[in-house]
Amino acid sequence: MNRMRFVVVYAGLALFGTATGLFAESPQELLARVDAKRYVPDLSFVMQMTSFDGDTQTDSNTLWGFIKGVGARNRSLIAFADPASVKGRKMLMDGNVVYLLFPKTTNPIRLSPLQVLLGQASNGDVVRTGFSEDYDVSSLSETDREGVACYQFALTVKDSRKDASYKKVLLWVEKESLHPIYAEFSTGDKLLKQAFYKDYRPALGKDLPFQVDIRDGENPQSHTIMAYLKVGQKPVPDTVFRRDYLPSWVPEQPR
Amino acid sequence: MKKLPAFLGISMGLLASTVPLHAWDATALLDVLPTAALVQTGSFSPWMQSETTEVTAQVAASHTQPIVEGLSLSGTLWGMADSLPSQSPLSTPPTKIDLQSRILELKLAWEAIPGTLIWDAGKKIIHPSSGFFRTPLNVISHGALGNTANLTGSAVGTWEEGWVGTDVTLLVGSFTVANFFSPRLQWSSDADRALQYLSTQQNDYQNLTRVDLRLGDADVRLLGLLSTGGPGSVDPDLHFTAGAGVDTNIGDAVTVRAEVSARDSQNRSVVASDQPPLAVTTQTVSWAPRALAGFTWTSKDQLSIMAEYYYNGLGFIGDDYARLISYSQTLRSSPGQGPDLLDQFGDFSAARHYGFVRVSGKIDDKLTAAGWTTVNLQDVSGLTGIVLTLTYDKWTVNASFMDAWGNTDTEAGLSPLLWRVDLEVSLFL
């Protein structure tokens, strides 16, 4: 795709509000291709999640888990493996409904969306975002970010996902590789999170960002680095993403 | 305090023994509990205030061992050394330290159809309730182990023993059905002297059926429990308990929960005479419900407020409650004249209506604080506590304080407990 074509696309968007039907690939389809490049079905992982205040490390957790689906249909099971003070906690994230099971208890606690948003779990929400599943492309342009030629998508949450935490997203995608490299998640008026996608590596037939640095919108000094230590695939039935399965789940490392 | 060195020796030994448990999760707790309570020096002597310090050390070790795909063995062992299990300075353990231990859980879990059909056999804890300060749906519960004070306001203690039985769970779509059967387990008192360190006896056959379903955004829970002591038992009759609960989110900041359970017949002791000579009779109550409704609200500043209301259908109200208070006042001034009736349903549960509020928040990345109060809504007396928790990667420190407040014609005001402090160090190994 050359620059002229995008000028035309952009003009088309401005004139008609949509590019559908004018070109072989609409901005929404391009966004879907960006997602497809890094989407691994039934991803299982070991992840290190480290929080910083400036250069000072404030918290670090190792998580084992797996994810099924993408975007609105995304569900994940997560177990805390380290440090020892939180080891054994298990979490089920089913869209906006999140349950937390503490060790020595048998009934998972239901969390409110705000509790999830305030905790580190919401960073997982950023990592798991399926842009094309959850958002419509409002505008698409070409830009340059730190010397890298990029597509810049302006995204607005779909009507069917009005309960999503982030109403708008600005997304920078490297043109050559279609790797997302930076995103801003906001309410529309207020910047909530910035995400820096780094360390792309081929894994399981896709290109995965092995590190995502997520910064707080109000206080960029406060940030969390989420790094995959190990990834694999584990097909599981839908029923494991039920509250009642959580106590029975025996977490395993990816094979 | 002469007990302390011996106690510390044992507790350090317990702590040290957990260190080499490679691949096991272990938690060790050391609690120091200064307490002020009213005690009697003899059956008919007057009550007097006494301050004591109880020291406890607890260790629990857990492990889950996958055997083959879908089959695993898991268990939790618990042990405790207690310097003052009676919590009365007038009743110390004969051997200076009281030792207890239990197998809390030990079960084989088999996912016969992965994620769909799960079969557990062994010892298991089942707590379907979402309540915090009262738990109507925890219809089979042994209660907290170790007689250790719970100063957090939570109904569920740190450690509890499960029931030996078999549990089958079927998950289909948004629907789950599970059935737990536990047999009656009785043994001789001679055998119990040894087995008490592994397991308590089970007085009844129990069959608990749970149904869980997702309706929209709400989780709905239904349960039915059939239990009987069978031939030769103290209570050979068949009893039925039914329960239902729901929890869901409202908006972004609120979770709500409500649940109710009722048993077909329950006995309670009622006051026949509240003046000397005191007299008590037994009354059977049919289908006295226990119900809980509550919510948790979280602010953007990570402040969390939890409020719950509890209806205790078995508790007393009106003239019956007034007679119970009068009886307890007479018992206070004339000790030994009759049994204590205030705690017959558990701590602070004699009345019909209770409320609970808890406010908690993060002070910084390591320190959290919580304040809570439980109120008897009929006589406006209660328990109030403060909990500070400092959390590091491998250990936490809890400092808790609880105070009972109310006039001498109220439930909390008549409680022998005046105040209690708990300094607790937890090590995670």
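Trainee: Hi! What percentage of the 255 residues of chain A count as buried?
Mentor: Hello! This is a predicted model, and in it 37% of the 255 residues of chain A count as buried.

Trainee: How many helices and strands does chain A have?
Mentor: Chain A has 13 strands and five helices.

Trainee: And what share of its contacts join residues at least 24 apart?
Mentor: If you take the contacts in chain A between residues at least 6 apart in sequence, 46% join residues at least 24 apart.

Trainee: Let's go inside. Which residues have the most contacts in the largest nonpolar core?
Mentor: That core has 55 residues, and the ones with the most contacts inside it are A:Leu63, A:Val98, A:Phe153, A:Val169, A:Leu171 and A:Ala195. Strand E3 of chain A, residues 75–82, provides the largest share of this core, with five residues.

Trainee: What is A:Leu171 in contact with, leaving aside neighbours within four places in sequence?
Mentor: Its partners are A:Phe131, A:Phe153, A:Leu155, A:Pro180 and A:Ala183. There is also a second, separate core of 22 residues, which includes B:Phe132, B:Val271, B:Leu342 and B:Ala350.

Trainee: Switching to A:Thr129, where is that one found?
Mentor: Look at the loop between helix H4 (121–128) and helix H5 (131–134) of chain A.

Trainee: Is A:Thr129 buried or exposed, and why?
Mentor: A:Thr129 is buried, because 25 other C-beta atoms lie within 10 Å, and the cut-off for buried is 20 or more. As for A:Ile225, 96 residues apart from A:Thr129 along the chain, the C-alpha atoms of the two are separated by 16 Å.

Trainee: Okay, over to chain B. In which sense do E1(B) and E2(B) pair?
Mentor: They pair in the antiparallel sense, over 16 bridges. For one pair to find on screen, take B:Ala37, whose bridge partner in E2(B) is B:Ser50.

Trainee: What about E1(B) and strand E18 of chain B, how many bridges there?
Mentor: Nine bridges, with E1(B) and E18(B) (residues 417–428) again in the antiparallel sense. There, B:Leu30 stands opposite B:Val425 in E18(B).

Trainee: Last topic: how many residues of chain B are in contact with chain A?
Mentor: On the chain B side there are 41, in contact with 30 residues of chain A. Strands E2 (47–68), E6 (163–172), E10 (238–250) and E11 (254–273) of chain B each supply at least two residues of that side. E6(B) gives the most, with three residues.

Trainee: And what classes of residue make up that side of chain B?
Mentor: By class, the side of chain B that touches chain A has 16 polar, 15 nonpolar and ten charged residues.

Terms used: Residues are numbered from 1 along each chain as its sequence is written. Chains are lettered from A and ligands numbered from 1 in the order in which they are written. This is a predicted model: local features need pLDDT of at least 70, side-chain atom pairs count only at pLDDT 80 or more; totals for chains, interfaces and linings use all residues. Two residues are in contact if their C-beta atoms, placed from the backbone, lie within 7 Å. Helices (H or I, at least four residues) and strands (E, at least two) are DSSP runs, numbered from the N terminus. Ala, Val, Leu, Ile, Met, Phe, Trp, Tyr, Cys and Pro count as nonpolar, Asp, Glu, Lys and Arg as charged, and the others, Gly among them, as polar. A residue is buried if 20 or more other C-beta atoms lie within 10 Å of its own, exposed if 12 or fewer, and partly exposed in between; C-beta atoms are placed from the backbone. Two strands pair if DSSP finds at least two bridges between them. A nonpolar core is a set of buried Ala, Val, Leu, Ile, Met, Phe, Trp, Tyr and Cys residues joined through C-beta atoms within 7 Å.
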